[in-house]
Each structure stands twice: as structure tokens, then as C-alpha cells.
Amino acid sequence: MRIVFKTDYVQDIRPWKDRYQLGLYLALLALAVAAPWLLDAFYLGELTNVLIWAVAGLGLMVLTGHTGQASLGHAAFLACGCYANIILLEAGLPFLLAFPLAGLVTGVVGALIAIPALRLHGIYLAIFTLALSILTDDIIVLSEPWTGGVSGKYAPPINLFGVMVDRWGTPAPFYWLTLAVVVLVTLGYINLLRAPLGRSFIAVRDSEVSAQAMGVDIARTKAVSFGLSCMVTGWAGALMGLFAGAFNNETFSVVISIQLLMMIVIGGLGSIHGAFLGAIVIGFLPQFLSIAKEWLAPLTGGGSVAIPGLEFGVFGMILIAFLLFEPMGLYGRWLKIRTWFELFPFYRKDMFKRQKTYLRTERLK
Amino acid sequence: MEILQLLISGLANGCVYGLIALGFVLIYKATEAVNFAQGDIMVLGAFVTIGLTNAEHMGLPFWAALPVSIALLAGFGYLVERLLIRPMFGQSQTAVVILTIALGFVIRFAVGLIWGHDPQTLQNPLAGRDLALAGLVLGLEDVAVIVVTLLLTGSLFAFFSRTRLGLAMQAASQNQLAAYYMGIPVRRVQGLVWALAGAVACIAGILFAAKGAVDPSTGLMGIKAFAAAVIGGFGSLPGALLGGLIVGVIEPFASRYIAAGYSQVVPYALLMAVLVFRPHGLFSQMRSKKV
């Protein structure tokens with residue numbers, strides 16, 4: 001086990017623990033940058049997809065993992081970012097302007113929605129955002145002049161510094177674009193967590209009463225968190241739109257919202273790693289299932305029959321298993337394994353035990 | 001006359017929403033958790049009954065199959081609590097919400113796998129018979145739905161306010177620890193509540209399948225039942241029924257009088273409006289929050 005002797009405050013809040021850790025992440029980044037030369041076009045596309053989901057996961061993680069507000073409606077903000085981006089591009093704005101603006105617009109929309117919604121507590125917020133997600137479909141159809149309604153819209157090819165960036169034509173630049181967004185968002189996120197704002201998010205998550213006692217303005221903190229979360233989700237939505245090429249009112253359904261929430265739970269709530277690990281599960285599960293089905297086909301005697309809903313069924317079961325046996329998600333499991341090796345042979349079973357809280361009603365406090 | 005006809009069909013639909021909402025409220029009242037899988041459990045109940053009664057499946061007589069399927073679903077509810085919810089005891093509400101959403105996915109998948117994805121109708125002795133009343137033509141199923149719902153809500157309301165077990169359930173929800181100290185077996189009580197909610201969901205499913213076709217994705221309708229539960233205030237049984245009736249009645253009128261495209265928005269818009277302006281429903285139980 002590496003023990004870091006901290007000698008000043010700057011060292012304490014530095015994003016990396018020591019040179020070794022920094023080196024690891026830089027190596028990972030170098031590997032990610034080199035991916036287009038290492039992978040073929042299909043897997044590069046899959047990797048891009050995973051990264052886009054990771055951005056969306058980071059967006060939701062701010063709200064759910066670090067501020068403790070469950071949202072079942074983030075597909076609405078994916079849609080908002082996607083449409084805003086395309087509409088701005090079609091209005092003739094360059095991509096470098098349209099893309100950040102799409103996120104900002106989504107963030108503002110999110111914060112405006114948050115102001116009434118965040119008076120709601122826990123499940124009520126979940127239900128409110130669920131209703132919002134269902135309404136998105138209808139709102140997109142109703143605002144047809146802008147959104148193209150049922151027939152949908154097509155993403156125009158974008159031109160970045162003279163390079164055509166297109167998912168199908170030039171997958172490598174599109175991948176690098178996505179990677180750049182991922183890196184920027186992640187760095188921003190890490191920075192947020194060590195700033196007063198991020199700390200107040202965590203304080204609100206852990207106990208609203210104590211946070212208030214420490215002078216945190218709860219309503220404002222929640223609204224800012226919602227806004228930031230929506231902004232990042234909006235960027236993910238914009239990338240998703242470009243990645244899909246074509247989309248309509250049904251692309252960002254309520255199922256996507258739920259999938260997003262499940263993703264960060266599987267990955268591990270309250271950690272940046274969790275968003276990435278969850279995205280990997282989401283991204284590769286369909287491939288994994290189809291491979292498993294081919295592999296199992298001779299055993300069951302059936303051909304490659306399509307089983308509708310299989311993906312969601314398996315996904316639900318994985319999620320239930322995680323909630324029951326590993327509530328801290330994949331990242332929590334990794335932490336335990338790592339600690340086991342670092343402390344060998346002194347690891348104890350109860351090291352990660354969480355304190356249970358007894359429930360008291362919200363109705364009759 | 002047309003308005004009355006719309007009203008009756010709306011009421012019958014609303015009763016089904018109300019029954020699903022009743023399931024939400026039962027579980028919420030007693031365990032303070034929200035069961036997002038309630039709609040899917042309802043569909044499971046409907047398909048179990050269809051599997052038992054319909055001629056192309058097992059073909060049991062209708063009245064014999066009813067208690068069997070209700071008992072099966074009550075057992076299912078108990079098992080869900082025992083195997084999935086109880087290990088979550090003491091964890092946050094959000095975790096339970098996510099767990100039940102996942103459970104809903106799994107149930108939908110299993111129902112589709114077992115009974116297929118085609119819409120099916122429950123073959124029942126009431127089907128296709130009409131009741132002519134002073135110029136009104138009412139489907140006998142619609143009348144049955146309304147009557148059964150009213151009876152069920154009334155008896156559940158009495159159960160919660162009059163019996164010892166009902167009071168124990170309420171106490172267990174309001175403060176788990178205090179309920180323990182008072183000698184209430186909190187865990188067993190919660191298991192019973194889930195069994196009860198499973199039975200109610202089964203009845204809702206039977207009524208729904210008798211009125212029209214169900215398919216595995218019908219469970220998503222549970223979201224409308226949320227609207228009902230929220231409008232009624234999440235902790236109130238009669239409120240849930242009334243909320244269900246409001247949603248059910250608004251729907252046919254909205255689709256009759258409001259332009260297409262806007263009409264299906266109405267229940268959700270109503271839900272959001274209620275959440276924003278009266279966050280704890282029309283029958284609020286919330287008192288001022290003290291620290």
C-alpha cells in the first residue's frame with residue numbers, strides 16, 4: 001500500500017494522489033487517444049457510443065450521485081441538447097459555437113424546471129421527472145416546425161478546423177471529438193468536486209438539515225446542481241444526435257431515462273469512475289448478449305431466435321443483483337478488491353460496511 | 001347523453017387507475033417505499049388469470065380461477081418483499097425506487113416470454129353483455145369494475161383505520177424504530193402489506209383484462225396511476241381512488257374536446273401541476289416540517 005504523506009493543503013486538494021496515480025491516468029488517456037489505430041471501425045463506433053453514454057452518466061451523476069436527487073427524466077434533457085445543437089447548426093452557427101450553446105440552453109432549461117421541481121422531495125421529484133420524460137415525446141411532436149415532429153431530423157455533417165467530422169465517413173475524428181468532450185467534462189467534474197460548490201452538493205446529499213445548519217442554501221444548491229447536470233446531459237444529447245445521424249420524437253424515450261439512472265447505479269453512485277464503468281456495461285451488453293446467444297444456440301437447440309425485451313430483462317436482473325449484493329456498484333467492488341490486495345492479509349469483511357438508517361416518514365415529521 | 005356515456009366509461013377506466021394507485025398507496029403508507037413495478041405486477045396478475053381461465057391455455061372455470069390467481073399474486077407480492085425488499089431494509093428510498101423499476105423490467109420480460117407479446121383478453125362471463133338503463137347503454141364489465149373498486153377501497157380504508165393490523169402498518173411506516181419499540185413486528189407487517197398490494201394489483205389486472213386487451217407493455221400504464229396517486233396525495237386511500245377517477249374521467253373528455261396531440265398530454269400536465277402547486281396532493285397529510 002502506498003502511503004502519501006501530505007504536507008500542505010494544496011497537496012490535499014490536488015486531483016491526483018501521487019505521481020504514480022497521475023501516470024496511470026495519463027497512460028489511460030494516451031491509450032484512449034491511440035484507439036483509432038488499435039481498433040477497427042466497428043469497435044471504434046462502439047467505443048464512441050460508450051464515451052457518449054459516459055458523458056450522459058457524468059451529467060446524471062452530478063445530480064443523483066453527488067446531490068442525492070434521483071431523476072427519471074434525463075432523456076428529456078438529452079433530447080433538448082440534441083435538438084438545440086442541430087437547430088443551431090442549421091441556423092448557420094459553426095459547431096464550436098453551437099455545441100457549447102446547446103449545453104448552456106439545456107442547462108438553463110433544466111435550472112428553470114428545477115426551481116418548482118426541487119421543492120419536491122425524493123420520490124416526488126422522481127415522479128415529476130418521469131412525467132417530464134413522458135411529455136418530451138409529445139412536446140417534440142407538438143413543436144414540429146422546430147423539431148421536425150414524427151419524421152425527425154438528420155444531423156448535418158460538421159466542419160471542425162477544416163476537417164469533416166462525420167460518424168460514418170470519418171469515425172476517427174468523431175471519436176476524438178467525443179473523447180475531447182469526455183476529458184473536458186471529467187476534468188471539470190473533478191474540479192467541481194474539490195470546489196465549495198461540489199462540496200455543498202455532497203453536504204446536501206448526506207444531510208439536508210446539517211447542510212442548512214452549515215449555511216448551505218439548499219434550494220439554490222439543488223437548482224445549480226440540476227442546471228449543471230442538465231448542461232452536461234445536453235452535451236451528451238448533442239453528441240448522441242450526431243452519432244445516431246437521424247432521430248425523432250421516439251429516440252429519447254422514457255426508457256432511455258431509466259436506463260441512464262440504472263447505468264450509474266451499476267457503475268457506482270457517487271463516483272466519476274462509476275459513470276464510465278456503467279457506460280461500458282450499457283454499451284457492450286447488447287454485443288455480449290448476442291455473442292452469448294450464438295454460443296448457447298447449439299445447447300438449447302434453437303436457432304438465433306430474437307427474444308424481444310431480452311436486453312431489458314437481463315439488465316433488470318443485473319441491476320437487482322447489484323442493489324442487493326453490491327450497492328456501491330462496480331466501482332465499489334473494484335475498491336474492495338483493490339483494498340484486499342493492498343492490505344493483504346489484513347482485509348476485514350466489515351471495512352466497507354455502511355451504517356443503516358431507520359426510516360421515518362416524510363409525511364408526518 | 002353523450003357526456004354521460006363518456007363519464008361512465010371514464011369512471012370505469014379511472015377505477016382501474018385508482019386500483020393500481022391503491023397498490024402504490026398501500027405500500028407507501030406501510031413501508032414508505034414506492035413500488036414502480038405496481039403496473040407490471042398488475043399485468044402479471046392479468047396474465048396469470050388469463051393463463052388459468054382462457055380456453056387456449058388451461059381453461060379452468062372463471063370463478064374458480066379468480067381466487068387462485070389472487071392468492072398466487074399475493075404470494076408473489078410476499079416473495080418480492082421477502083427476497084428483494086427486505087435485504088434493502090434500512091437503505092435509501094431511492095435505492096428501493098430503482099430496485100422496483102428494475103423489477104418491473106424483469107416482470108415485463110418474463111410475462112412476454114411466457115405468454116407472448118400479443119394483446120389478449122380475459123374470457124369472462126360478463127363480456128359482451130350490456131345493461132340498458134334509461135337510454136344509457138352500459139357494458140356490464142364497466143359496472144362490475146366500478147362496484148368492485150368501490151367495495152375494495154371501502155374495505156381497505158376500514159382495514160387501515162379500524163383494525164389493529166392496519167394501525168400497525170401505519171405505525172411501521174411513520175417511524176420504523178418507534179414501531180419496533182412498541183412491539184410491532186415491522187418486517188412481518190411489511191411482508192403482509194406487499195402481499196396485500198399484490199392481491200389488489202391482481203384484482204386490478206383482472207378488471208382491466210376483462211374490459212379490454214392487455215399485453216406485456218400495458219404495465220407502463222402504471223405511470224398514469226402515479227398521476228392518480230399523486231393527485232390524491234400519496235398517503236390517502238380514498239384520495240388514490242378519487243385521483244384515479246379524475247384521471248380516468250379527464251382522459252375521454254380531453255380526447256373528445258381537445259385537439260389530437262394535446263389530449264394525451266393532459267394527465268401528465270395535471271400531474272406536474274399538482275406536484276408544483278400542491279406537492280402533497282389534494283388530500284395532504286403533510287404537516288409543517290420540524291427539524
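Modeller: The answer begins with the surface and then turns to other local features.

This is a predicted model, in which local features need pLDDT of at least 70 and side-chain atom pairs count only at pLDDT 80 or more, while totals for chains, interfaces and linings use all residues. Residues are numbered from 1 along each chain as its sequence is written, chains are lettered from A and ligands numbered from 1 in the order in which they are written, and side-chain values use heavy atoms, leaving out hydrogens and water.

A:Tyr20, A:Leu24, A:Tyr25, A:Leu28, A:Leu31, A:Trp37, A:Leu38, A:Leu39, A:Phe42 and A:Tyr43 make a nonpolar surface patch of about 1100 Å². Patches are made of residues with over 30% relative accessible area and no salt bridge; nonpolar side chains (Val, Leu, Ile, Met, Phe, Trp, Tyr) are joined within 5 Å, like charges within 9 Å. Accessible areas come from the Shrake-Rupley method with a 1.4 Å probe, and for residues only the protein chains shown count as cover. A salt bridge is a side-chain nitrogen of Lys or Arg within 4 Å of a carboxyl oxygen of Asp or Glu.

At least two patch residues come from each of α2 (19-38) and α3 (41-66) of chain A, and α2(A) gives the most, with seven. Helices are DSSP runs (H or I, at least four residues), as are strands (E, at least two), numbered from the N terminus. A:Leu39 lies in the loop between α2 and α3 of chain A. Because its relative accessibility is 34%, A:Leu39 counts as partly exposed, the class between buried (under 20%) and exposed (over 50%), with a 1.4 Å probe and protein chains only.

Elsewhere, the peptide bond from A:Phe344 to A:Pro345 is cis, with omega near 0°. A:Pro345 is in the segment after α15 (329-343) of chain A.
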